[in-house]
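Look at the sequence and the model below.

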Amino acid sequence: MTEVHATKIIYLLFGKCYCFLTIIACLYACPSVAQDKPELEIGGALRFNYNLSSWKDGQKKRGGDFGYDLFRINVKSAFKGIFLDAEYRLYSKEFGGGMLKQGWLGYNFSDKNQIQVGLTQVPFGIQQYNSNNWFFSLPYYVGLEDDHDMGIKYVHTGEKIEYQFAFFKNAEELGFGNNAEISPSRYSYDIAGRNKEVNQLNGKFLYKFGKDSSSRVGVSLQYGGLYNLDTEEIGNHSAFSIHYEWSKGLWNMKVQVVKASHNPKNISGESRDVVSMAAYGAPYEVAADFTIYTLDISRNVPVKWGPVSNLQFYNDFGFMDKKVSGFKDSFMNVTGVLVTAGSVYTYIDYAAGYNHSWLGGNYINDFAIGNPDAQWEARFNINLGYYF
């Protein structure tokens, strides 16, 4: 059975909108242990960033740039069995300004079963992150790592088995116009331009084994519609992933393969080999069909250097194999260390990219057609954050 056929079966089994009615009814019908008093927890972070990029001659002459990254607020609250989890981020105007990363209401049916409604993380691949570094990995840049959409998710967490099922009506919607394109002021990458993500279904299954569940192997499926604002027709997109995570002592390894396909119903003459995606205030093009392979290895080194308690060394590698003839593949490799000192976390990364929109070259189409004459480019980056 191919991944497309499998995701279509899930799509038909769960339907489109019936998930909303069933789950909302359960929220009111199922008993729970309610809090007698409201609970509230507030946290956040302030981060600064230094970077020195190989493709920016002026920056190299002045020795790099050091400036503001973000300020964020995290809020968790609970009362009468319903709880809230939200995170709002404020970037500079050039990177999208203010945006809600996540914000959802939750309900625990038991200690193993939970429902989430709102802007919640899409259950796909290794979570929460399929990476160790500050830049994340290639799946993030095509909307398949730490993605958050608007919908409903059911989560089961058992000792050996975990599974999640979700229905997402759409990605974050800020305009609500009849034919309005999505705003690029968003944290996670979503389909943009003249197409919109609609009626997406996700399923994820995870099996844990080994001592203290040291090994985790899983599969993820995704299938949804792509509504075109010009033709008013609905195309489709799908993704399939096999993933494995292993931990032993101070070591950790993550391996993942992701295959994705996008089939928009564009107007006649408009290419269907690429789709537009957007986040952080700007869109770019991505190959419509691709396979991504990632391998991440890390090791913790406990230390006692004043406030510094741990060093996590890592190397995260990714390869994007584009299926259209003539498109040039993309690569990414990040070598670095995370320094933990109390509430201060510092990522020191050397990020190298080939046909990578965020690492040199052409921002608009490096993840699409690419450049046959591209060279490896690199960015030395230090992200300093205080988390409270």
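Is tyrosine 293 buried, partly exposed or exposed? At 35% relative accessibility, tyrosine 293 is partly exposed; buried means under 20% relative accessible area, exposed over 50%, and partly exposed in between, with a 1.4 Å probe and protein chains only. This is a predicted model, where local features need pLDDT of at least 70, side-chain atom pairs count only at pLDDT 80 or more, and totals for chains, interfaces and linings use all residues. Residues are numbered from 1 along each chain as its sequence is written, and side-chain values use heavy atoms, with hydrogens and water left out.

A pair of aromatic rings is described by the distance of the centres and the angle of the planes. Rings of Phe, Tyr and Trp (its six-membered ring) pair if their centres lie within 6.5 Å; planes under 30 degrees apart count as stacked, over 60 as edge-to-face and the rest as tilted. By this rule there are 29 aromatic pairs. One of them joins phenylalanine 109 and tyrosine 154, which are tilted, at 6.3 Å centre to centre with 40° between the planes. Phenylalanine 109 lies in the loop between S4 and strand S5 (113-121) and tyrosine 154 in strand S6, so this pair ties together parts 45 residues apart in sequence. Strands (E, at least two residues) are DSSP runs, numbered from the N terminus.

Now the strands themselves. Strand S2 (residues 65-79) and strand S3 (residues 82-90) run antiparallel, joined by 9 bridges; two strands pair if DSSP finds at least two bridges between them. Alanine 78 has phenylalanine 83 in S3 as its bridge partner. In the hairpin of S2 and S3, lysine 80 takes a positive phi near 55°.

Methods:
Helices (H or I, at least four residues) and strands (E, at least two) are DSSP runs, numbered from the N terminus.
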